[in-house]
Amino acid sequence: MSASAWRLSQDDTAAEPPRHGSSTRRMLVVAATVVLTLLGAGGLAVAGSGVFSAERPEGCTKPDRSIQLYAVELPKDGTQIRLGYGLTPQTASYPGPTMEMMEGECLAITLHNQVPVATLEQLRTDPAHPLGVSLHVHGVKYTQLSDGTVQSGSFVPPGQSRTYTWFAQQRNNRTGSPGTAGYWWYHDHVVGGPHGTQGLGAGLFGGLVVRRPGDPKPDRTYTVVFGDRQSINLRRGAATDTCDAQNPQPGPTCLVARKGEKVEFIVVGIGNDMHTFHLHGHSWADTRTGVVGNGQPFADSVPIIDNKPLGPGDSFGFQVAAGDSVGPGHWMLHCHMQFHSDGGMSTMLHVLDESGAMPPGHDQHSHPATAAAGTGAGGAGEHQHN
Amino acid sequence: MSASAWRLSQDDTAAEPPRHGSSTRRMLVVAATVVLTLLGAGGLAVAGSGVFSAERPEGCTKPDRSIQLYAVELPKDGTQIRLGYGLTPQTASYPGPTMEMMEGECLAITLHNQVPVATLEQLRTDPAHPLGVSLHVHGVKYTQLSDGTVQSGSFVPPGQSRTYTWFAQQRNNRTGSPGTAGYWWYHDHVVGGPHGTQGLGAGLFGGLVVRRPGDPKPDRTYTVVFGDRQSINLRRGAATDTCDAQNPQPGPTCLVARKGEKVEFIVVGIGNDMHTFHLHGHSWADTRTGVVGNGQPFADSVPIIDNKPLGPGDSFGFQVAAGDSVGPGHWMLHCHMQFHSDGGMSTMLHVLDESGAMPPGHDQHSHPATAAAGTGAGGAGEHQHN
Amino acid sequence: MSASAWRLSQDDTAAEPPRHGSSTRRMLVVAATVVLTLLGAGGLAVAGSGVFSAERPEGCTKPDRSIQLYAVELPKDGTQIRLGYGLTPQTASYPGPTMEMMEGECLAITLHNQVPVATLEQLRTDPAHPLGVSLHVHGVKYTQLSDGTVQSGSFVPPGQSRTYTWFAQQRNNRTGSPGTAGYWWYHDHVVGGPHGTQGLGAGLFGGLVVRRPGDPKPDRTYTVVFGDRQSINLRRGAATDTCDAQNPQPGPTCLVARKGEKVEFIVVGIGNDMHTFHLHGHSWADTRTGVVGNGQPFADSVPIIDNKPLGPGDSFGFQVAAGDSVGPGHWMLHCHMQFHSDGGMSTMLHVLDESGAMPPGHDQHSHPATAAAGTGAGGAGEHQHN
């Protein structure tokens, strides 16, 4: 067994020649582990390998809440295999359900792998790679048992389930923990290969927000994911904006809000490429929450932005008052890389008036050629030709 | 007319079946609009669909200032069509004129489209796409009528003009507005396609800075735009540094300052690619202004940088004291992506001494082979061979 | 001599027609320079071209410390030429030695170019480009004589040496200097071409940290460099994680720490591509040090991150308490761009327990197929099938 060979020598600044046959040292380490384990079992908060429980992160004595999560196959997108996470198998989607935690909370998530074996086999290129799905999360704390990786063995073979434990650690000046409040995301890390590239590409990801007491509460939250080859919930081409024009309802591909509502965006990057997230008519502060609070002495120094680079693995979020100062209308939200937006990586935040209606003159479906002639937008929205 | 179909139901968390024939509801909305408009005309600050005027952002009762802006065709760059914005048709350039606003100010910009129809036709690939130019701005507030997009109808057909209204909104803790002070930019959003990719690529863009009372004032401001295929005002190859060696004058492609002058950079990314902006010998704070003021309690925590990623749509800015500590000389400014800088995306900030001269020994035009022999730089700048 | 032609006219806001034959003006400039030089020689702190010494940055009257640095050729990596910096020729490596400075310190580094002429010739494509190596540094202050560029003549021909002076300038509210404390790097700027692309690609780079009094001190520091085509110290493929499994020792390609140790990362991007740096199980504050101190009023607003975009020329750093809350184990560190991590741009931070051993059940070398069967991780790390 090679595990106990992982031992840091006391004199570790200088390179040492490899030691062979250090069985005595290894035996001692094993013994020490046992002793510390016994002490730990007695309830002492002694730091040591035996005291640390691999089951749960420190600070989480037991989960405050438990949820079930299902990984399932969804209908194909053309020939592209689609997978999704859902709180029930029937409601699985991509992005998966947006998770919300408070700092200090410990969450147990039992992931059930219902993806067919044949599908997982189809998604892997290396037959030596194990079949399974997993849950890897950014930002919050978890032990190796909840890492969601192959090398830690923390994944779920087909038909099985596994409980992952996430702890939203608070800020702690003694240990140097900055806390975990922020905009994060979760995703598969094993489908197809050791980094879950095929699982991610198929749809196994979702947003997570961890709040701190006193954080502003949004009226609506939208999770927007920018990826390559597909934009996932910002689909390319004709399906970009899937709102029903006769009765638009807020949903993953239909971003709607009334003027003045606090709309929260959770923005996530996946895949291989960089993107830049741009929202028309709205801007936010480049802070943890996207908001600058009252009387903060540094408020004058915070960059205000409306366009932000976003690479794979990045996540950020912010809140805006929908239509603040700028009013109702169809406000574009797109990647500002021109070949991405031209390729369809573009949608709208539809800001209705306070009564919940779109004022006349904001017809997003006007034909461009008509608009060009100055007749597409009437009423209050008419052209101002001088 | 489909506009009023955009209505958010009260119970909007659950999907509802589409409603047809809701003419009664629509009529009521229209009626309410009229009433509220009348109230609004009486000066009451009542929130409501009818109070909000699509003409101007809230906070701007009337423009504080008006300017004329012309979009014209410039001489071709080889075979590449070039367009520019100018305060007069004769002074149009790329980047266009750098705009400056103070928070609280409302600016009316009348854009005159003087680009020939034939040129606009040449720049579009889809014959259904309308012909026109527009003005889309980042950071400041504008209504849909000043969005500069096709779908909002807010663009300018050939030979016509249109007034865009920009409002530099102040910080407002009640609405959550973070204010609009910052480094921004403006650009076309319609030439060639719905994202103005051809207009941007041809040169229709410029810098904008919004200041807050008390912000440091620069002695000089340079707008630097990084793009792909062409670097625009950081042109590739032989034309990279276009200063007249006999009489260098500050200009878009000739960055010059005296030692100690406060030089402000407005840095903008356009096109498809990421870049990293690097300036030799100078660094700045990653804050809104690039400066850390006196006695700020967070000053110790602000990242100091001299290299910053920059994607399409991004803009940032900063001020440096030219040559502070490092002295006069030809300080390189380049994209740190090696294939970009090697391809010519590189220029100089020429820092003269306080008297306005370049000290001897700083001959940027010394032949590399000569410099290699240690004879290219004489006087104070001679080699230190030990 | 063309140097004094670099003169900024007083009326520089308006474009002027080129002036020819301005010999009178140029003569005046030269005269003024002489006068100021005489004044400067008298010891007055007068700003002027003659007062500023090109030898050293202002604030550094003499170096506080001197070191020798050697640029040498290393064994080839397959067919790829490798160069390295070292404090001795024998210890040269890539990355080169991590440098550490305190704000206020002035460091003299004498670079000895021991790279064979034939190698430098092989690395250049343009025969007109001079042969040499150099030292260009980010963040700290240096004059043109220490810029490390061809056009300033500040490089080292084969077999020669040259002293570069770096000054870790303190914050100065009068001049607007934000100080130079931060995570930086140094690199060649001349091998192969004017931007040192071949020198960088071969290995001529290293990390630099400048501390401010009171900054947290790490127990260990690792410099991690992300590049393209090769990942340098995060090598691709089989050599990714070069820890000796029987006796792992901390080193450039073997990141090891005991639980609770403060581990500092200096992260640098080189080459042509963007990357995103992700560390499993750990997060940090997006501040200058990566740490949020006690009682800072803005602490609530600082973004906490575990994934950060990184472009060529960028550098950042942070400290984490190894295994804080999450415990010992093999914590992945990788580029989150999927094709990069799949290509091998991935390694581990091996967190041992406080006694310096890896607890049982964390066998990173378990065969994936075995792990899939649920038998690869035993003991405390066993699967939790529910």
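I took a disulfide to be a pair of cysteine sulfur atoms within 2.5 Å. With that cut-off I turned to Cys335(B), whose sulfur is 17 Å from the closest cysteine sulfur, that of Cys335(C), and therefore too far for a bond. The model is a predicted one, and I kept that in mind for every entry below.

Cys335(A) is in no disulfide, and the nearest cysteine sulfur, in Cys335(C), lies 17 Å away. Cys335(A) is buried too, with a relative accessible area of 0%.

**Disulfides.** How many disulfides does the structure hold over all chains? I found six, and I looked at some of them in detail.

In chain A, Cys60(A) and Cys106(A) form a disulfide with their sulfur atoms 2.0 Å apart. The torsion about its S-S bond is about -75 degrees, so I recorded the link as left-handed. This pair connects distant parts of the chain, since Cys60(A) sits in the loop between α1 (23–41) and β1 (65–77) while Cys106(A) belongs to strand β4 (residues 106–113), 46 residues apart. Both Cys60(A) and Cys106(A) are buried.

Also in chain A, Cys243(A) and Cys254(A) form a disulfide, the sulfur atoms being 1.9 Å apart. I noted this link as right-handed, with 115 degrees about the S-S bond. Cys243(A) and Cys254(A) are both in the loop between β11 (220–226) and β12 (255–258), 11 residues apart. Cys243(A) counts as buried at 11% relative accessibility, and Cys254(A) is buried at 4%.

**Backbone.** Which peptide bond is cis in chain A, next to Pro95(A)? I found that a cis bond joins Tyr94(A) and Pro95(A), with omega about -10 degrees, and that Pro95(A) lies in the loop between β2 (80–86) and β3 (99–102). In chain B a cis bond joins Tyr94(B) and Pro95(B), with omega about -5 degrees.

Finally, I checked Ser325(A), which has a positive phi of about 75 degrees although it is not a glycine. Ser325(A) is in the loop between β18 (315–321) and β19 (329–335), and it is buried, with a relative accessible area of 1%.

Notes. Residues are numbered from 1 along each chain as its sequence is written. Chains are lettered from A and ligands numbered from 1 in the order in which they are written. This is a predicted model: local features need pLDDT of at least 70, side-chain atom pairs count only at pLDDT 80 or more; totals for chains, interfaces and linings use all residues. Side-chain values use heavy atoms; hydrogens and water are left out. Helices (H or I, at least four residues) and strands (E, at least two) are DSSP runs, numbered from the N terminus. Buried means under 20% relative accessible area, exposed over 50%, partly exposed in between (1.4 Å probe, protein chains only).
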